[in-house]
Amino acid sequence: MDVEAYISQMEQQLTDARPVPLSASVMINRKDFEELVAGLRTALPDELRRARWVLKERDEVLAQASREAEQMLADARLERDRLVSETEVVRAASREADRIVSEARDHARDLRLEAEDYVDSKLANFEIILSRLMTAVGKGRERLRGRLPSDELAGDGGGAQPGDQPPRRVYDHESAGAEPPGG
């Protein structure tokens with residue numbers, strides 16, 4: 001699976017999770033969610049490796065374009081030098097050489113711009129994936145924080161009063177695989 005699939009499954013688990021009564025929290029199967037996070041961790045290096053490959057490919061395309069441009073320039077200079085001896089031909093050759101040089105520069109610039117556009121689009125896609133991942137992880141962490149007992153105490157208006165019972169923890173019996181404490 002790729003990063004997008006893991007994020008989608010995480011979002012789906014959070015969407016399908018059972019709500020905790022009288023709370024904004026939900027119960028999810030911890031083991032399933034941890035498996036998704038572990039899978040996501042293994043998928044991320046693939047995305048990073050692909051991004052590095054895209055950068056390497058860009059460098060190779062730029063180097064190839066530079067070599068082609070240099071070769072075109074060298075060919076144009078040789079052609080110009082060959083035609084120097086003839087007066088009328090020299091003018092035509094000079095114009096042609098300038099055209100070839102200009103064409104080579106334009107071609108090299110076009111190749112460089114295309115390579116940069118290609119790399120930019122790949123990096124933009126990778127940025128979108130990472131942004132979605134960060135958003136999903138942030139939402140997941142926020143939801144998990146909503147289940148902590150300290151948050152329940154903070155929401156009761158200023159701490160426990162004498163004679164108050166301690167807050168009860170919510171247990172997901174299916175994921176815990178055991179009876180709740182005291183039960």
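Let's start with Arg-99 and Glu-96, which both sit in helix 3 (residues 87-145), three residues apart, about one turn of the helix. Helices here are DSSP runs of H or I with at least four residues, strands are runs of E with at least two, and both are numbered from the N terminus. An α-helix has 3.6 residues a turn, so residues three or four places apart point the same way.

Before going on, a word on where this comes from. This is a predicted model, in which local features need pLDDT of at least 70, side-chain atom pairs count only at pLDDT 80 or more, and totals for chains, interfaces and linings use all residues. Residues are numbered from 1 along each chain as its sequence is written, and side-chain values use heavy atoms, with hydrogens and water left out.

Back to our pair. Arg-99 forms a salt bridge with Glu-96, and their closest N and O atoms are 2.3 Å apart. By salt bridge I mean a side-chain nitrogen of Lys or Arg within 4 Å of a carboxyl oxygen of Asp or Glu. Side chains of opposite charge can pair when their charged atoms come close. How exposed are the two partners? Arg-99 is partly exposed, with a relative accessible area of 40%, and Glu-96 is partly exposed too, at 33%. For these labels, buried is under 20% relative accessible area, exposed is over 50%, and partly exposed is in between, with a 1.4 Å probe and protein chains only. The pair also belongs to a network of salt bridges that links Glu-96, Arg-99 and Glu-103.

How many salt bridges are there by this rule? The count comes to 10. One of them joins Asp-110 and Arg-109, at 3.6 Å from N to O. Asp-110 is partly exposed at 34%, and Arg-109 is partly exposed at 37%.

Now please find Arg-58, which lies in helix 2. Arg-58 makes a salt bridge with Asp-59, with the closest N and O atoms 3.0 Å apart. Arg-58 has a relative accessible area of 27%, partly exposed, while Asp-59 is partly exposed at 40%. Arg-58 and Ala-115 are 57 residues apart in sequence, yet their C-alpha atoms are 5.7 Å apart in space.

Helix 2 itself runs over residues 30-83, which is 54 residues, and reaches 79 Å from its first C-alpha to its last, close to the 80 Å expected. That expected span is 1.5 Å times one less than the number of residues.

What about the inside? The largest nonpolar core has 15 residues, and those touching the most other members are Val-3, Tyr-6, Ile-7, Met-10, Ile-28, Phe-33 and Leu-40. Helix 1 (3-16), helix 2 and helix 3 each supply at least two residues of this core, and helix 1 gives the most, with five. A nonpolar core is a set of buried Ala, Val, Leu, Ile, Met, Phe, Trp, Tyr and Cys residues joined through side-chain atoms within 4.5 Å.

Finally, let's zoom out. The protein has five helices and two strands, in the order α-β-β-α-α-α-α along the sequence. Buried residues make up 20% of its 183 residues.
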